[in-house]
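Colleague: I have a two-chain model open and would like to go through it with you. Could you put it up so that we are looking at one thing?

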Amino acid sequence: MPEPMPAPRSYLARHPAQAAALRHAAIGAAALAAFGLILLLAGKDPVRAYKDTFTYSVADWYGFSELLVRMTPLLLTAVAVALPSRLGLINVGGEGQLHMGAFFASAGAILFPGLPAWLLLPLVALLGFTGGALWAALPGLLRAARLVNETITTLLLNYISPLIISFFIFGPWRSRESSAYPQTSRFPEGALLPNFFNTRIHAGLLVALAGLLAYWVLMEKTRWGLEMRAIGGNGEAAQRLGLPVAGWIVAALALGGGLAGLAGMGEVMGIHGRLRQSLSPGFGFTGFLIAWLAGGRPLGILFMAFLFAIITAAGDTLQVTQGLPYAVINILLAMILFIVLARRPGGAR
Amino acid sequence: MTTPLLLGVLAGAVLSGTSLLYATLGETLVERSGIVNLGLEGVMLLGASVGFAVTAARGNPWLGLAAAGAAGAGANLLFGWLVVGRKANQLASGLAMMFFGFGASALVGTPYGGAVIAGLPKWRPGWLGELAWVRSTTLFNYDLLTWLAIPVAVLVAWVLFRTRWGLGLRAVGESPAAAYAAGRNTAALQYQALAAGGVLGGLAGAHLSLSLTRTWAEFMTGGRGFIAIALVIFSKWNPVRAIAGALLFGGAEALQLQMQARGSNVSPFILEMVPYVLTLLVLLVWGGSRRLNAPASLGRTFYGSN
């Protein structure tokens with residue numbers, strides 16, 4: 001009896017990378033279709049919305065440069081989620097950490113305006129990192145002490161840091177020359193990040209890419225990364241092995257929060273040049289989605305951050321051409337998550 | 001504290017606490033069945049916007065309330081399909097619901113941004129209005145949802161602890177395998193808890209837009225959904241204890257509004273932080289006892305039923 005012939009394997013089964021790309025494209029198309037249907041039900045024109053987004057963002061040089069501008073904070077807030085997630089920690093506080101970074105960086109520019117740029121700029125960046133790190137270390141400490149789960153604390157802290165900013169820009173830091181609008185005066189040139197190519201692309205993009213690279217090196221090439229991944233794999237075993245689990249919980253959240261803080265620093269020092277309200281249209285939350293969808297992989301984060309820059313650009317398009325609030329774009333984000341969650345049974349990441 | 005300020009805070013505590021209490025009760029029901037819904041904030045926003053939109057369009061706040069409850073139940077059932085039907089991760093699914101609520105409420109609410117509504121009618125028993133110390137305040141001048149808040153809390157407690165259905169629900173939250181072995185339909189019980197919790201969450205949001213502010217504003221729930229999740233922990237998953245928690249947090253909010261109205265020197269932004277800081281403190285103090293009081297299978301996916 002001859003062996004039965006094995007079933008011929010399909011092209012996709014032989015090429016997992018292509019299969020993954022196809023899967024992602026299908027998920028994206030399904031989410032776009034679902035969101036388009038909702039727009040249609042709301043009496044809007046989804047085809048025009050998608051076409052406008054393409055014309056004004058991807059197919060236009062200035063629009064494209066704006067995608068890179070948007071990608072800058074998204075990369076950092078995504079790594080802010082991805083790094084702690086390697087230990088099984090859920091950081092949903094990127095939004096608050098970003099604002100805290102912006103606040104600390106601004107404090108540096110306001111307190112030491114006379115410093116030369118080579119000193120002031122690193123100081124401002126360091127302060128931005130510190131602000132975000134502190135804001136994430138707090139939930140880390142509470143979690144490490146087994147008091148409170150970090151998910152709910154990071155979420156709650158999101159609501160506090162914008163209020164701290166409001167307190168200062170309506171109060172002691174309020175600019176005298178533009179009293180109609182609550183914001184600080186323009187920061188000294190030495191505190192500002194340089195721009196490139198006559199666009200709003202600023203040095204924060206390099207910081208973000210460096211952050212992503214550092215994350216990869218830390219996780220894949222160092223003993224520390226190995227320890228963190230071990231804790232994420234089996235915390236109990238890691239503890240018994242003598243790894244400093246509590247210390248790593250605080251450190252991972254603080255490192256992540258610091259990166260989100262750098263995103264806030266970049267928005268203030270690279271885009272606005274001063275501290276004001278509405279620094280972020282949900283960069284922290286979008287960063288969470290990016291990290292989660294990319295499964296914490298650095299290249300995935302890079303790709304997803306670009307994709308989500310386009311999606312958030314669609315939010316702007318909806319606002320400008322269809323008279324819808326920017327927040328509506330959250331529906332599209334939710335649709336993507338719904339589909340991915342429904343497809344990954346068993347609560348697997 | 002002067003007497004009028006005290007009475008004002010008390011009256012405000014009840015009004016602000018109403019929404020928190022309904023939300024907390026809804027989440028308590030859901031968590032008792034073993035499911036954490038982090039999307040409560042989104043469910044509340046959806047209730048607030050749908051309730052307001054229907055009220056503004058049809059001029060009938062009762063219709064608005066019904067629509068808000070239905071929207072909340074619908075949102076929670078969608079969440080249920082993910083976490084029960086598809087066995088997806090509960091925290092991630094909850095955050096997806098939060099995003100959905102952010103976006104959908106903005107879509108529904110925006111056309112009614114400037115609409116003026118009469119809102120839920122308020123009513124005070126005549127004999128209470130006769131009392132001199134009551135007459136000058138809004139004390140006891142409440143809408144139906146506020147009057148019913150405490151009875152509903154007692155009702156939820158009764159259902160949870162004194163009925164067969166409640167017993168089954170709690171059994172699913174503690175040990176779905178045991179409940180399943182005892183012949184309970186674990187998935188059906190969880191869907192039912194989610195639907196009931198969704199109605200309460202939707203009403204909680206609607207109370208904000210239909211009674212408290214009588215306007216629609218994007219993100220108007222301002223984190224109350226997350227505060228309610230913390231209140232569930234604070235109240236040790238007990239609906240009657242939740243009354244005290246809701247009053248405490250309602251009081252914090254009311255104190256802030258009263259101080260602002262009276263031209264206090266303290267910055268409104270500092271006052272606005274109070275409920276969030278208070279929530280963190282509550283979590284800090286009561287969070288440690290979580291493992292003793294939480295349903296044993298809270299947040300875990302049950303694979304045994306199919």
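Colleague: Let's start with chain B: what percentage of its 306 residues count as buried?

Modeller: Before anything else, please keep in mind that this is a predicted model. In chain B, 56% of the 306 residues count as buried.

Colleague: And what is its secondary structure?

Modeller: Chain B comes to 14 helices and two strands. Its radius of gyration is 19 Å, close to the 19 Å that the globule rule gives for 306 residues, so chain B is as compact as a globular protein of that length. Along the principal axes, its C-alpha trace spans about 60 × 40 × 40 Å.

Colleague: Of its contacts between residues at least 6 apart in sequence, what share joins residues at least 24 apart?

Modeller: In chain B that share is 80%, and the corresponding figure for chain A is 76%.

Colleague: What confidence does the predictor give to each chain?

Modeller: The mean pLDDT of chain A is 87, with 95% of its residues reaching 70 or more, while chain B averages 88, with 93% of the residues scoring at least 70. For the complex, the predictor gives an ipTM of 0.88 and a pTM of 0.89.

Colleague: Now the contact between the chains: how many residues does each one put in?

Modeller: Chain B contributes 38 residues and chain A contributes 38 residues. On the side of chain B that touches chain A, the elements that give two or more residues are α4 (90–109), α11 (224–234) and α13 (268–286) of chain B. Of these, α4(B) gives the most, with 12 residues. By class, the residues on that side of chain B divide into 23 nonpolar, 11 polar and four charged.

Colleague: Going back to α11(B), how many of its residues are buried?

Modeller: The helix is mostly covered, with 11 of its 11 residues buried. Among them are R224(B), G225(B) and F226(B) at one point in the list and I233(B) and F234(B) at another. Just after α11(B), K236(B) takes a positive phi of about 50°.

Colleague: What about helix packing elsewhere in chain B, say the angle between α7(B) and α8(B)?

Modeller: Helix α7 (residues 144–162) and helix α8 (residues 164–174) of chain B pack at an angle of about 75°, with their axes 5 Å apart. That makes α7(B) roughly perpendicular to α8(B). The contact is made by V159(B), L160(B), F161(B) and R162(B) of α7(B), together with W165(B), G166(B), L169(B) and R170(B) of α8(B). Those residues comprise five nonpolar, one polar and two charged.

Colleague: And in chain A, at what angle do α9(A) and α11(A) cross?

Modeller: The axes of helix α9 (residues 223–233) and helix α11 (residues 245–272) of chain A come within 11 Å and cross at roughly 105°, and the two helices are therefore roughly perpendicular to each other. E227(A), M228(A) and I231(A) in α9(A) meet V245(A), W248(A) and A252(A) in α11(A). This contact has five nonpolar residues, no polar ones and one charged.

Colleague: What does G284(A) touch?

Modeller: Leaving out residues up to four places away in sequence, G284(A) touches residues including T77(A), G93(A), G94(A), E95(A), N158(A) and A260(A). G247(A), by contrast, is 37 residues from G284(A) in sequence and 24 Å from it in space, C-alpha to C-alpha.

Conventions: Residues numbered from 1 in each chain as written. Chains lettered and ligands numbered in written order. Predicted model: local features only at pLDDT ≥ 70, side-chain atom pairs only at ≥ 80, totals over all residues. Contact = placed C-beta atoms within 7 Å. Helix = DSSP H or I, 4+ residues; strand = E, 2+ residues; numbered from the N terminus. Nonpolar A, V, L, I, M, F, W, Y, C, P; charged D, E, K, R; others polar. Axes fitted to C-alpha atoms, helices over the stretch in contact; angles between N-to-C directions. Parallel < 35°, antiparallel > 145°, perpendicular 65-115°, else oblique. pLDDT = per-residue confidence, 0-100. Rg over C-alpha atoms; globule rule 2.2 N^0.38 Å. Buried ≥ 20, exposed ≤ 12 C-beta atoms within 10 Å, placed from the backbone.
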